[in-house]
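I set out to record, entry by entry, what I looked up in this structure.

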Amino acid sequence: MTPVKQKFLATTGILTTALVWGLMWYPFRSLNQSGVSVAMTSLVVYLVAITLGVITFFDVYRRQFRLQPVLLVLTAVFGWCNYSYTWAVSEGQVMRVLLLFYLSPLWTVFLSRLILKERLTRSGWLVVALSLLGCFIFIYRPGLFAGELPLSHRYEWLALSGGMAFALGNVISRGAQSIPVPVKSASIWFGVASIGAIKLALAGQLGGILQIPPQSWLVLGILGVTLLCTSVISQHGVSILPATQTMTLMLMELLFAAASAYLLAGEAMTPREWAGGALIASASLLSGRMTRKPGTAQLKQEAA
């Protein structure tokens, strides 16, 4: 395959991923409103992804899987990241969830410094400034300086924590280069399914899975296959395209989500929220160049 075709397929894959996640809120919310809770949906959907993934990539996992403590951490962190996101969009305003989630580059700055000892570049400081300014504009309300909480709904805190978990998972993943990408992807599926199972077990609702209507099972099966395919094509795209181009394409998720939320749920953002969201999205565009490894500047000086 020629490089041009490879780049085209990679670009198409990233855009498809953005489209899927920009629309994913709708089936999760519909299922939740029909009586299939987010925990049930997460457990079933990701069990489907796990089953098909193990069958499809059995040889890869047999050769490359090694149980390591860091893999358990990634499973928990990425599991909460995906679970909290789907929980938030199932009950809250879609764009508020997405934009609060997209604050993850801000948390990455601090976590990269704390865990990997990476230093901020000029772009990194700009990411911090844009993220903080965008966040302030986005969450501002008249009573904010009178002591009111900036976020008053559960779904907002879920989205914020999901973005933090995403940032932490990415930082830990960068430090765990020995773990193959397919194994890291599988850890996400196991993480989300485990959280769904634990939540159902604690509520004594595991048996409720057997009462899911047949038409809902069809939707759950389609979602499982879709998430598996999305994981594969997105990893292919990320491995070929530059990080900045990948992030630019992934920001299309915001446009897809905004359009679908308006058309399907009648949700619309205020001009102030659009302004704050634009700053947050701009910060995400710069996130691929915001840190440098320890000693990088010194090595450049020595090379010169």
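**Entry 1. Model.** I note at the outset that this is a predicted model.

**Entry 2. Salt bridges.** I searched the whole structure for salt bridges and found five. I examined Glu91 and Arg154, whose closest N and O atoms are 2.9 Å apart. This pair links distant parts of the chain, since Glu91 belongs to helix α5 and Arg154 to helix α9 (residues 154-175), 63 residues apart. I then looked up the exposure of Glu91: its relative accessibility is 36%, so it counts as partly exposed.

**Entry 3. A network.** Which residues are linked with Arg96 in a network of salt bridges? I found that Glu156 and Glu273 are joined with Arg96 in such a network. Between Glu156 and Arg96, the closest N and O atoms lie 2.9 Å apart. Glu156 is in helix α9 and Arg96 in helix α6 (residues 94-101), so this pair ties together parts that are 60 residues apart in sequence. For Arg96 and Glu273, the corresponding distance is 2.8 Å.

Glu273 has 8% and is buried by the same cut-off. Glu156 is buried as well.

**Entry 4. Second largest pocket.** I recorded a space of about 210 Å³ for the second largest pocket. Two elements give two or more residues to its lining: α5 (69-91) and α10 (181-202). The most comes from α10, with four residues. Among the lining residues are Val54, Tyr61, Phe65, Leu71, Thr75, Ser187 and Phe190.

**Entry 5. A buried valine.** In helix α10 I also looked up Val192. Its relative accessibility is 0%, so Val192 counts as buried. Val192 and Val44 are 148 residues apart in sequence, yet their C-alpha atoms are 10.0 Å apart in space.

**Entry 6. Surface patch.** Which residues form the nonpolar patch on the surface? I listed Tyr26, Tyr262, Leu263 and Leu264, with about 470 Å² of accessible area together. Helix α13 (residues 252-265) gives the most to this patch, with three residues. Tyr262 is placed in helix α13. Tyr262 has a relative accessible area of 52%, which is over 50%, and so counts as exposed.

Key. Residues are numbered from 1 along each chain as its sequence is written. This is a predicted model: local features need pLDDT of at least 70, side-chain atom pairs count only at pLDDT 80 or more; totals for chains, interfaces and linings use all residues. Side-chain values use heavy atoms; hydrogens and water are left out. On a 1 Å grid over the protein atoms alone, a cavity is a set of points where a 1.4 Å probe fits but cannot get out, and a pocket is an open set with protein on both sides within 12 Å along at least five of seven lines; lining residues have an atom within 4 Å of a point. Grid points are joined across faces, edges and corners, and a volume is the space filled by probe spheres set on the points. Patches are made of residues with over 30% relative accessible area and no salt bridge: like charges are joined within 9 Å, nonpolar side chains (Val, Leu, Ile, Met, Phe, Trp, Tyr) within 5 Å. Accessible areas come from the Shrake-Rupley method with a 1.4 Å probe; for residues, only the protein chains shown count as cover. A salt bridge is a side-chain nitrogen of Lys or Arg within 4 Å of a carboxyl oxygen of Asp or Glu. Buried means under 20% relative accessible area, exposed over 50%, partly exposed in between (1.4 Å probe, protein chains only).
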